Amino acid sequence: MTRLKEELRDQGPIYIAIIGAGLMGSYLLAGLEKLDHIKVALVASRHIDKIKSLCQTQDIKDYQVVHDQRGARRAFDQGQLAITENTSLAWSLEGIHCLVDCTGNPQAGAEIAFRGLENKKHVVSFNVECDVLVGHKLQALARDRGLCYTLAAGDEPSAIMELYDFADFIGLEVLALGKGKNNPLHVEATPESLKEEAQKKGVSPRMLTSFVDATNTMLELNVVANATGFVPDVRGCHGIHAKVDSLKDSLTLEEEGGPLKTYGVLEYVHGIAPGVFALVHSDSKKVQEEMAYLSMGPGPNYILYRPYHLTSLEAPISIAKAVLRQEETISHSGQIVAQTVAIAKRDIGAGEALEGIGSKTVYGQLEKASVAQEEDLLPISLIQASTRARVPIKKGQAIHMDQVDLGENTFLQELYFKK
């Protein structure tokens, strides 16, 4: 980190645009106020009043509301923050080095990343919803152009990958990867049923719904799958219950009395939130001896556990590495290894809208990409406002592509289906 700070001091400042003024965007803006060499030049959101309120909360007075390139240029040259509803200014404004996608909207995320790369901007994203479908293509495009596309440090996929890369580098065999689940699982949760709780927590009801019904957990593990080749042991994972000190014994194979059919799998755990973990193995007697000496317990399997992830507070690390080194926080394997497929929360009638992530109609479960392809299952991130059921769909059914009309053709669809 010392070397990175020196590079940032010598080569900075880095100017960024934040797209999305929700929970993640607001936290990122607040955190970056404390840093000298990463400057927020522009914040874009569909709701300008939300950005104004955010500026008031953060006591940011030097900002200008801008609507076009001229206004954005003026604010930038005067050293003031530009706030806008015109998202295209983020990638078109000269002088911005990096876009940070905080939207959580897969449709928006695809265009933000592609247009950013097209305009020679690096891209750091919190948008796992988009990344699971087209992240590998965006990363390949960035590399071809000498740029960087990456998910951000601080989110759980990045924290998991930190453990994976560490264990792999020092020669430990990684058997399983995963995270704790922050909320009790309730796959039939809806924004309406969680409205009051969401208000208390200061999050949107749809966001909280995606946490409670585990769609968000599936998407985050999906990112890890596409980076490592690990897959769910069963559709939706087992969702085991364990504490950190009992986790190793809960992640054993069926022949040993455990739940797992095989290793090389992803899992989520009730009882260790908000942490992430890696189950690792060594068959070396000397390594086992040293691990015992280091109070890691009897082998040959061990748990590496990180008890925190600091979301937007860690993102500046990814921003600096992306701009200064073109270094990815998460590197994709180059293909989709798993899919988060849509499951009906209730009976859905023909012609009815499928409302997507965090809705009252569907939730997501992680499945091997080979199975999803063979069964022609619908990735939940492809659902948009105009997606409709072609036929009646029963509660609990994994939804097939031929059962839906995806609706208007979007940039995300074009990028996803492009060979």
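User: Quick one to start. Where is T311 found?

Analyst: T311 sits in the loop between β13 and α14 (315–325). Bear in mind that this is a predicted model.

User: What is the phi of T311?

Analyst: Near 35°. That is a positive value in a residue other than glycine. Most residues other than glycine have a negative phi.

User: And D376, what about its phi?

Analyst: The phi of D376 is positive, about 55°, although D376 is not a glycine. D376 belongs to the loop between α15 (369–374) and β16 (388–389).

User: Why does D376 count as partly exposed?

Analyst: Because D376 has a relative accessible area of 39%.

User: Switching to peptide bonds. What is the bond from A273 to P274?

Analyst: Cis, with omega near 5°. P274 lies in the loop between β11 (265–270) and β12 (276–281).

User: What about G299 and P300?

Analyst: A cis peptide bond joins G299 and P300 too, with omega about 10°. P300 is in the loop between α13 (285–293) and β13 (301–306). Most peptide bonds are trans.

User: Now salt bridges. How many in the whole structure?

Analyst: A search finds 25. One of them pairs K179 with E156, 3.0 Å from N to O. K179 lies in strand β8 and E156 in helix α8, so this pair ties together parts 23 residues apart in sequence.

User: K179 and E156: are they buried or exposed?

Analyst: K179 is buried, with a relative accessible area of 2%. E156 is buried as well, at 3%.

User: What does E328 pair with?

Analyst: E328 forms a salt bridge with R143, and their closest N and O atoms are 2.8 Å apart. E328 lies in the loop between α14 and β14 (338–344), while R143 is in helix α7, so the bridge ties together parts 185 residues apart in sequence.

User: How accessible are E328 and R143?

Analyst: E328 counts as buried, at 17% relative accessibility. R143 is partly exposed, with a relative accessible area of 44%.

User: Which residue does E196 bridge to?

Analyst: K200, with the closest N and O atoms 3.7 Å apart. Both lie in helix α9 (residues 195–201), four residues apart, about one turn of the helix. E196 is exposed, and so is K200.

User: Which residues join into one network?

Analyst: R3, E6, E7, K321, R325 and E327. They are joined by salt bridges that share partners.

User: How do the lining residues divide?

Analyst: Nine are nonpolar, four polar and four charged.

User: Last topic, the surface. Which residues make the nonpolar patch of about 380 Å²?

Analyst: F166, F169 and I170. I170 is in the loop between α8 (156–169) and β8 (173–180).

User: Is I170 buried, exposed or partly exposed?

Analyst: Partly exposed, because its relative accessibility is 49%. The exposed class needs over 50%.

Conventions
Residues numbered from 1 in each chain as written. Predicted model: local features only at pLDDT ≥ 70, side-chain atom pairs only at ≥ 80, totals over all residues. Heavy atoms only, no water. Patch = residues over 30% accessible without salt bridge, like charges linked within 9 Å, V, L, I, M, F, W, Y side chains within 5 Å. Areas by Shrake-Rupley, 256 points an atom, 1.4 Å probe, with all protein chains shown as cover. Salt bridge = Lys/Arg side-chain N within 4 Å of Asp/Glu carboxyl O. Helix = DSSP H or I, 4+ residues; strand = E, 2+ residues; numbered from the N terminus. Buried < 20%, exposed > 50% of the residue type's maximum accessible area, 1.4 Å probe, protein only. Nonpolar A, V, L, I, M, F, W, Y, C, P; charged D, E, K, R; others polar.
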